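Hi there,

Here is the structure I promised to pass on.

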Amino acid sequence: MLRQSQPNAGPNTPGHPLLTSPAPLLHRFANPGRFLRATARIMPWAWGLSLAVLLPAAAWALLVSPADWQQGETVRIMYVHVPMAWLAMAGYSGLAIASILALVWKHPLADLAARELSPVGAVATALCLATGSLWGRPMWGTWWAWDARMTSVLVLFFLWVGHAALTRAFEDEERGARAGAILALVGVVNLPIVKFSVDWWNTLHQPASVTRLAAPGMHVSMLGPLLACAAGFSLLFATLVLARVRAAVMERRVEALELARARAADRAPAEAVPA
Amino acid sequence: MSATTTTSRRGLGVAASRRRRRMLVLLLCALGIGAAAALALTAFRDNLVFFRSPSDIVSMASPDERAFRLGGLVEAGSVVRDGTEVRFRVTDGANAVAVFYRGVLPDLFREGQGVVTLGRMRPDGTFAASEVLARHDETYMPPEVMDALKRSGHWNPEQGAAPPAREWNTLEPAGGTGR
């Protein structure tokens, strides 16, 4: 099975950090075997909960909630657009935290988490931009404007895509992860710009509606489905990232096992290694 | 590095001081980048605005020759349509600028609505717009709630933006208009 130790890998084998992790306190919780076992139990529940929240939320948003008094049915784009915008930002905060853990503590799973997070974050940001464009055309009268909000979100999208590309651009995976972590942390400067662009400068995009839950600028009959959709999409986002990290850990184990087996076969070609 | 298998006291101490150094370097970089970004944004502040208000234009010494964007609310009662030509005034409460536009208006265009227009000042002080975009505010409400606000005299959409949310959007359904 994949969980077995490598009998042929000596102490001098240059293994992947995941397979030769030291065990200080922080790293004990990053043991890849323990991570796989713990998450294997969670995964079916994570998928189930995501769908159990997202599907009713989507029905609530698309079928039950009222139309807006001036935007009409077009307002329903909001139920995808706003959660995607929130996830693009929250996901990037997660990427920054993973990058700090990777750079400072050399946490063995943090590099993998960052690497697997960026394609999902890029898709969320792309969906935010696409739905915003589809919404802007009928309401504002334009697909796109170079105002501070839209431009800064476009920069956020390029940061996500750049991180995904950079971490995969090196032959040596560790160097790629390092370069990606530095890029991710430099890009954090863009997060407050995205968030406050609508307050600092005048923009075509309107300011935030949901700032204080006590008196949001949105009627409760629309706020309810919006928050439900945000919860559903967030669960789905987290589940997708978790599934990707699990797959990445397993991929590396398979590679390591194959490498060890090839080495063993080289060393002793006469005796075949049993599977 | 992750390949350290030495668990001696000395090895752990070196690892800890390295970690502290990495943290310090990261913190210094964050400070530097943050300061650089803040300075750059302050320097470019004037170029980051998407549109100028009527008050900005009135206070301008000489009318700008180049095209720029003018934004504000469409003044109540100022819209005059003549075929595909439309004249209206854009106001920010203090000052107003007359706008002339020929073309298709966005669906959201109405009196009291926020607009952003792109164009040039003409010598007679009117703004010849080549593009009119609607700008909607951050309030979302079903038609019944808007009707209730209008009937109760709380808000007339033609007079401008909606009143502060806490006046109409408590978490209790207001006057049977909520769901």
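Of the 275 residues in chain A, 38% are buried, where buried takes 20 or more other C-beta atoms within 10 Å of a residue's own, exposed takes 12 or fewer, partly exposed is in between, and C-beta atoms are placed from the backbone. For chain B, 23% of the 179 residues count as buried.

A word on conventions: this is a predicted model, in which local features need pLDDT of at least 70 and side-chain atom pairs count only at pLDDT 80 or more, while totals for chains, interfaces and linings use all residues. Residues are numbered from 1 along each chain as its sequence is written, chains are lettered from A, and ligands are numbered from 1, both in the order in which they are written.

Chain A has eight helices and zero strands; helices (H or I, at least four residues) and strands (E, at least two) are DSSP runs, numbered from the N terminus. Chain B has four helices and six strands, and its elements run α-α-α-β-β-β-β-β-β-α from the N terminus on. Among contacts in chain A between residues at least 6 apart in sequence, 75% join residues at least 24 apart; a contact here means C-beta atoms, placed from the backbone, within 7 Å. In chain B, residues 24 or more positions apart account for 48% of the contacts with a separation of 6 or more.

Now to the inside. The largest nonpolar core has 84 residues, and those touching the most other members are A:Ala88, A:Ala98, A:Ala102, A:Ala113, A:Ala114 and A:Cys229. Such a core is a set of buried Ala, Val, Leu, Ile, Met, Phe, Trp, Tyr and Cys residues joined through C-beta atoms within 7 Å. Helix 3 (residues 78-104) of chain A gives the most to this core, with 17 residues.

A:Lys106 has a positive phi of about 55 degrees although it is not a glycine, and it counts as buried because it has 24 C-beta neighbours inside 10 Å.

Helix 4 (residues 108-139) and helix 8 (residues 220-267) of chain A pack at an angle of about 140 degrees, with their axes 9 Å apart. Axes are lines fitted to C-alpha atoms, for helices over the stretch in contact, and angles run from 0 to 180 degrees between N-to-C directions. That angle makes helix 4 of chain A oblique to helix 8 of chain A, since angles under 35 degrees count as roughly parallel, over 145 as roughly antiparallel, 65 to 115 as roughly perpendicular and the rest as oblique.

With helix 6 (residues 173-187) of chain A, helix 4 of chain A packs at about 65 degrees, their axes 10 Å apart, so helix 4 of chain A is roughly perpendicular to helix 6 of chain A. Here A:Asp111, A:Ala114 and A:Arg115 of helix 4 meet A:Ala177, A:Gly180, A:Ala181 and A:Ala184 of helix 6.

Finally, where the chains meet, 40 residues come from chain B and 42 residues from chain A. Helix 1 of chain B gives the most to the side of chain B that touches chain A, with seven residues.

Best wishes

Key: Contact = placed C-beta atoms within 7 Å.
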